[in-house]
Amino acid sequence: MKGHCVNSLASVQQIWRPITATFFFPVGPGTGFLYLVNLYFLYQYSSRLETGAFDGRPADYMFMLLFNWICIVITGLAMDMQLLMIPLIMSVLYVWAQLNREMIVSFWLGTRFKACYLPWVILVFNYIIGGSVINELIGNLVGHLYFFLMFKYPMDLGGRNFLSTPQFLYRWLPNRRGGVSGFGVPPASMRRAAEEQRGGGRHNWGQGFRLGDQ
C-alpha cells in the first residue's frame with residue numbers, strides 16, 4: 001500500500017514537469033543576460049500579437065499558445081529536453097514575424113531587415129550570447145507549423161482548416177469589440193490586405209509595428 005502511494009505521488013509530480021519546464025530557467029552568471037533578452041522578446045512579441053492580429057480574440061490567442069506549448073512538450077519528451085521556455089518564446093515570435101513579414105525591423109547595431117528573417121537572426125544571436133540552436137530551431141519549427149496550418153495552408157493554398165479553437169475557450173474568453181469567432185479568420189485589416197493581394201499569389205499579413213514603438 002505504501003509503495004502504491006509513493007508511485008501515485010511520483011506520477012502526479014510527473015504531470016507538473018511540462019509546466020515547470022516551461023517557466024523555469026537556470027539564471028546564473030553565464031545565462032542571466034540570455035534570460036533577460038528572451039523575457040524582452042516574450043513581452044514585446046506576445047503583447048503585439050495579443051493587441052494586433054488577435055485583438056479582441058483572447059480565446060484564439062490562448063489557443064495559439066496552447067497549441068505551440070503542446071507541440072513543444074511533445075518534442076521535448078521525444079528529445080529529452082529539460083527546458084521549454086525559449087522554444088515557446090521563439091514560436092510566438094515566429095508567428096508574429098510571419099504575420100508582419102514585409103515590415104522592416106531594426107536589430108543589433110542598427111541592422112535592418114524584413115521581419116520574416118527576425119526569428120533566424122535571433123537564433124544566431126542567442127547562440128552567440130550563450131543559447132542553444134536546438135531550442136530556437138524547435139521554437140521556429142513549431143511556430144511555422146502553427147502559421148502554416150492556421151493561415152498559409154487554408155488561405156494561400158486553398159486547403160482545409162485543420163485547427164479550430166475549442167468552444168470552451170470561447171465560453172471562458174469571449175471575443176471583445178466584435179472580434180471574429182472561428183479561429184483561422186484574420187482580423188478585418190488583414191482580410192482587406194489579403195483581398196488587395198489576391199491574384200498576386202501572396203498575402204500581406206498586416207502592417208504590424210516597428211521595433212521600439214510604444
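Which residue forms a salt bridge with Arg 57? I looked it up in this model, which is a predicted one. The partner is Asp 60, and the closest N and O atoms sit 3.0 Å apart.

**Entry 1: is that pair buried or exposed?**
I checked Arg 57 and got a relative accessible area of 4%, so Arg 57 is buried, given that the cut-off is under 20%. Asp 60 comes out at 0%, so Asp 60 is buried too.

**Entry 2: the other salt bridges.**
I found that the structure holds three salt bridges. Side chains of opposite charge can pair when their charged atoms come close. Glu 102 pairs with Arg 101, with 3.9 Å between the closest N and O atoms. Glu 102 also meets Lys 114, at 3.1 Å from N to O. Lys 114 is in strand β2 and Glu 102 is in the loop between α5 and β1, so this pair ties together parts that are twelve residues apart in sequence. With their shared partners, Arg 101, Glu 102 and Lys 114 make one network. I looked up accessibility here as well: Glu 102 is partly exposed at 30%, Arg 101 is partly exposed at 21%, and Lys 114 is partly exposed at 32%.

**Entry 3: two helices.**
Next I turned to α5 (residues 85-99) and α6 (residues 118-128). Their axes come within 9 Å and cross at roughly 145 degrees. Which residues of α5 meet α6? I noted Met 90, Leu 93, Tyr 94, Trp 96 and Ala 97, which meet Leu 118, Pro 119, Trp 120 and Ile 122 in α6. I sorted the contact residues by type: nine are nonpolar, with no polar and no charged ones.

Notes:
Residues are numbered from 1 along each chain as its sequence is written. This is a predicted model: local features need pLDDT of at least 70, side-chain atom pairs count only at pLDDT 80 or more; totals for chains, interfaces and linings use all residues. Side-chain values use heavy atoms; hydrogens and water are left out. Axes are lines fitted to C-alpha atoms, for helices over the stretch in contact, and angles run from 0 to 180 degrees between N-to-C directions. Helices (H or I, at least four residues) and strands (E, at least two) are DSSP runs, numbered from the N terminus. Contact means heavy atoms within 4.5 Å. Ala, Val, Leu, Ile, Met, Phe, Trp, Tyr, Cys and Pro count as nonpolar, Asp, Glu, Lys and Arg as charged, and the others, Gly among them, as polar. A salt bridge is a side-chain nitrogen of Lys or Arg within 4 Å of a carboxyl oxygen of Asp or Glu. Buried means under 20% relative accessible area, exposed over 50%, partly exposed in between (1.4 Å probe, protein chains only).
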